[in-house]
Amino acid sequence: MRVFRRGAIGAISLAAAVALVAAQQAPAGAVPIEETYAKLLVKKVTGENARQHMVALQAIANQNGGNRAVGTQGYAQSAAYVASQLNQAGYSVTLDPINFVESWVENSPPVLELTAPTQKTYTPGVDLFTFQPSPAGDVTAPVQAVDVTLPPTPTPTSTSGCEMSDFAGFTPGNIALIQRGTCPFATKVRNAGFAQAGGIIIFNEGQPGRTDPFPLDIGEWRAGVPMVFASFAVGNELANTPGAVVHLKVDSTLTLGTDYNVIGESRKGDPNNVVMVGAHLDSVPAGPGINDNGSGTAAILETALQIGNFPVKNKVRFAFWAAEEVGLLGSDQYVEGLTQAERDKIRVYLNFDMVASPNYAYKLYDGDDSDAIGFPAGPPGSAQIEDQLEAFFAGRGLATVGTDFDGRSDYGPFIAAGIPAGGIFTGAEGIKTPAEAALFGGTAGVAYDVCYHQACDTIANPNLTALDVNADAIADSTARFAFNLTAIP
Ligand SMILES: [Zn+2]
C-alpha cells in the first residue's frame, strides 16, 4: 500500500493533538476540523495494531481447543477481551444475550397423515424428513398453501413463503404448505412463524432432481412449531386436495444455549443519529477464525479504541456479533429486539466480515445495484455508503469491485429492516477471476481464502496489506459518518 506522509501531528500524543486542532480557529473556506480528525484517525488505526488483536484472538483459540465458536470458552474469552478493551477506552459496554441451538435430537420419526377429506399416511424417510432443529409438536389443522406454483415451471422460480406478503390471508393455526425455491428454507420457515402457522410443511419444488425430500439442518427453530421437508408428490397432493386436514407430529428434544453479542457505544454523539459498525466475533468449530472474522473484529475494535478519543457528532455503536456462523443469530436477534423507534435511529450499518483474505479482492457491498449479480441493492442510503468507501480506495489509487448483498453476513437483518448498509469483504471460498488478479494481484483460479472455515485460518493466514488498507478504510468510513463529513442517509 501507499505510505501516508507523516505530519508533525504524529509526534505528539493523540489527546494533545485533538486539543491542539480544536483550539485552532478555522479560517473561512478552510478544511473543516472534522476532515482533520478523520485523517488523524486513519493514521492512528494501523494495520499493526489491528494485527495485535488477531494475535490475542489466536492465543485465546490456542487455549481453548483451537476455536472460538459460539457457546464455547473460546468465544466467551473473545467476548471478554473485546469488552475489556472497549471498557478501558471509555465505551458504554453491554453484553446482549442471544439464543442458539446447543443440541437437537430426534426421538422418533415424524408423523404426517391426511385426516380429511380422506385418510392417508405418508412414510417418514421416503415422503418426508424432519427439518433439523424442529421443535417438538403435535398438531392437526387445515393445510393452507402459500403462494405455490403448480404445476412447477421448467426451471426453479417459486418464491413461496419468501415474502411476508405471501401470508396475507393466512389463517393463524393452519399448517403452512410452502414450496421450495428462490430464498433459503430458513427464511420461509421464519415467515411462517411470523404468520403464526401451527405447523410447517415445505415440499420440494418439482423439477427433475428437485422432487425427493432429504434430511437438512436449516438452523432455524424460532417458528416454535413442528416443521418437515416433504417430497414434491406430497406437496402437490396436499395442495390439490380441497379441504385437506393434516396431522403433523415431530418428536424431538431441542436444547437452546445462550451467548452474548458485545455492544460498545460511544458516550459522546447524538443518540438520535447512530452510526453502527459490526463484525462477527465467533469462529466456526473447525478453526480459530483469524481471517473469518478475527480480521473484521480486529479492524473495528482498533477503530473503536482510536475514535473514542475524538469528539464524534453522532453516536457510534460497535457490535461484535455472536453466532453469525450458525445463521446470523446474534445480529438477527439484536435487530428483532429493537423497537421501530430504535431501528429508525440507526442511520447506517457498516459490516466487516473477512477483510484480510490471503488472495484478497477489495469488494464493496453493492449499495446501488450497479454490480447486479442476482440480489437487489441495499435499502436507500446504501449507495452513499458504497460511494464513500469507493472514494477512499480511489484516493489511494486502489480498485474495488462490487459484491452482492447475498445474505451471507450480519448486514442481512439490517437491510431486511430497511437500514442502509455497506461494507468491505475480501472474499471467502469463491475463486478469484483473472480480471480480479489483474486489479488486485494474487492468483487467479484460486480461492480468495483457501483456509476459509478450516483449521488453517490461523494468524498465519491473513494478508497484512489487505488488513492495513481495510483498517484505514474502516476508520475513514466510520469517521466520515460519525463526524457528518458524509451526510448520513
Ligand atoms: Zn464470517
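Predicted model: local features only at pLDDT ≥ 70, side-chain atom pairs only at ≥ 80, totals over all residues.

User: How many helices and strands does the protein chain have, and what does its radius of gyration say about how compact it is?

Analyst: The protein chain contains 13 helices and 15 strands. Its radius of gyration is 25 Å, close to the 23 Å that the globule rule gives for 489 residues, so the chain is as compact as a globular protein of that length. Along the principal axes, the C-alpha trace spans about 85 × 50 × 45 Å.

User: Which domains does the domain assignment give?

Analyst: The assignment gives domain 1, made up of 34–91 + 266–482, and domain 2, covering 103–255; the centres of the two domains, taken over C-alpha atoms, are 36 Å apart.

User: At what angle do the axes of H3 and H13 cross?

Analyst: Helix H3 (residues 47–62) and helix H13 (residues 464–482) have axes that come within 8 Å and cross at roughly 115°. Because angles of 65 to 115 degrees count as roughly perpendicular, H3 is roughly perpendicular to H13, and their crossing is right-handed.

User: Which residues make the contact, and how do they divide by class?

Analyst: H3 contributes Gly-47, Ala-50 and Arg-51, while H13 contributes Leu-464, Leu-467, Asp-468 and Ala-471. By class, the contact of H3 with H13 has four nonpolar residues, one polar residue and two charged residues.

Notes: Residues numbered from 1 in each chain as written. Axes fitted to C-alpha atoms, helices over the stretch in contact; angles between N-to-C directions. Helix = DSSP H or I, 4+ residues; strand = E, 2+ residues; numbered from the N terminus. Parallel < 35°, antiparallel > 145°, perpendicular 65-115°, else oblique. Left-handed = near helix turned anticlockwise from the far one by under 90°. Contact = placed C-beta atoms within 7 Å. Nonpolar A, V, L, I, M, F, W, Y, C, P; charged D, E, K, R; others polar. Domains from an automatic or database assignment. Rg over C-alpha atoms; globule rule 2.2 N^0.38 Å.
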